[in-house]
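Here are my notes after a look through this one. Have the coordinates open while you read.

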Amino acid sequence: MAAPVRTLCCSVLRYSRRQFSTTCGVQAGEKWRKEHGLARSGTEYGPLTDLPDWSFADGRPAPPMKGQLRRRQEREALSRRIVMLNSEVDRGMEAWREKQEEAKRMEEHKKSLLLKPKGKLLMKKKSQS
C-alpha cells in the first residue's frame with residue numbers, strides 16, 4: 001500500500017508548478033573559503049562587515065552600527081574566555097608538574113630508607129661498579 005502513495009506523491013510533484021528541491025542548504029563557495037582559511041560566509045568577518053559603511057564628509061568616522069557593536073562584544077567575551085581557559089590550563093599543568101616532582105621526591109625518600117648492604121655484600125657491590 002505504501003508504494004502507490006509514493007508514486008502518487010512523486011507524480012504530483014513532477015506535474016506541480018512549484019519547485020521542490022531535495023539538496024542540502026550549503027552556501028555557495030563555503031568549502032572553497034574554508035580550504036583557503038577564510039570565513040564560512042562572506043558576512044562573518046572581514047572589511048565588509050567590520051568597517052563602517054560610510055563616514056562624514058570632513059573625514060570623521062561614522063558611529064558604529066548595532067551589528068558592529070554586537071560583534072565587538074562577542075569577540076571581547078570570546079577573548080576573555082580564551083584567556084581564562086588558558087590560565088586554567090597553565091594552573092593545571094603547574095599542579096601536574098608539582099605532583100610529578102612530589103612523587104619523584106617520595107620515591108627517592110623511600111629508596112633512602114631501604115636497608116643498606118653491609119660487609120661482604122658492600123664489598124661485592126663496590127667491585128661490580
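1. Start with glutamate 30: with a relative accessible area of 18%, this residue is buried, because the cut-off for that label is under 20%. Even so, glutamate 30 has a charged partner, since it makes a salt bridge to lysine 34 with the closest N and O atoms 3.4 Å apart. The two sit 4 residues apart in helix 2 (residues 30–35), so about one helical turn lies between them.

2. Keep in mind that this is a predicted model. The mean pLDDT of the protein is 82, and 78% of its residues reach 70 or more. Confidence is lowest in helix 1 (residues 2–14), at a mean of 53, and highest in helix 4, at 96. Where pLDDT is low, the predicted coordinates should not be read in detail.

3. On the overall fold, the protein has 5 helices and 0 strands, and the order along the sequence is α-α-α-α-α. Buried residues account for 7% of the 129 residues. Of the contacts between residues at least 6 apart in sequence, 11% join residues at least 24 apart. The protein exposes about 12600 Å², with carbon and sulfur atoms supplying 60% of that.

4. Back to charge pairs: the count of salt bridges comes to 6. One of them links arginine 70 and glutamate 74, at 3.3 Å from N to O. These two are 4 residues apart in helix 4, which means a separation of about one helical turn. Arginine 70 is partly exposed at 43% relative accessibility, and glutamate 74 is partly exposed at 46%.

5. Another salt bridge joins glutamate 102 to arginine 105, where the closest N and O atoms are 2.7 Å apart. Here the spacing is 3 residues in helix 4, again about one helical turn. Glutamate 102 is partly exposed, with a relative accessible area of 37%, and arginine 105 is partly exposed at 46%.

6. What does glutamine 68 touch, leaving aside its neighbours within four places in sequence? Its contacts are Thr49, Asp50, Leu51 and Pro52. Glutamine 68 belongs to helix 4 and counts as buried, at 11% relative accessibility.

7. Last, have a look at the nonpolar patch on the surface formed by Val89, Met93 and Trp96, with about 310 Å² of accessible area together. Methionine 93 lies in helix 4 (residues 66–113), and at 40% relative accessibility methionine 93 is partly exposed.

Methods. Residues are numbered from 1 along each chain as its sequence is written. This is a predicted model: local features need pLDDT of at least 70, side-chain atom pairs count only at pLDDT 80 or more; totals for chains, interfaces and linings use all residues. Side-chain values use heavy atoms; hydrogens and water are left out. Patches are made of residues with over 30% relative accessible area and no salt bridge: like charges are joined within 9 Å, nonpolar side chains (Val, Leu, Ile, Met, Phe, Trp, Tyr) within 5 Å. Accessible areas come from the Shrake-Rupley method with a 1.4 Å probe; for residues, only the protein chains shown count as cover. A salt bridge is a side-chain nitrogen of Lys or Arg within 4 Å of a carboxyl oxygen of Asp or Glu. Buried means under 20% relative accessible area, exposed over 50%, partly exposed in between (1.4 Å probe, protein chains only). Contact means heavy atoms within 4.5 Å. pLDDT is the predictor's confidence in each residue, from 0 to 100.
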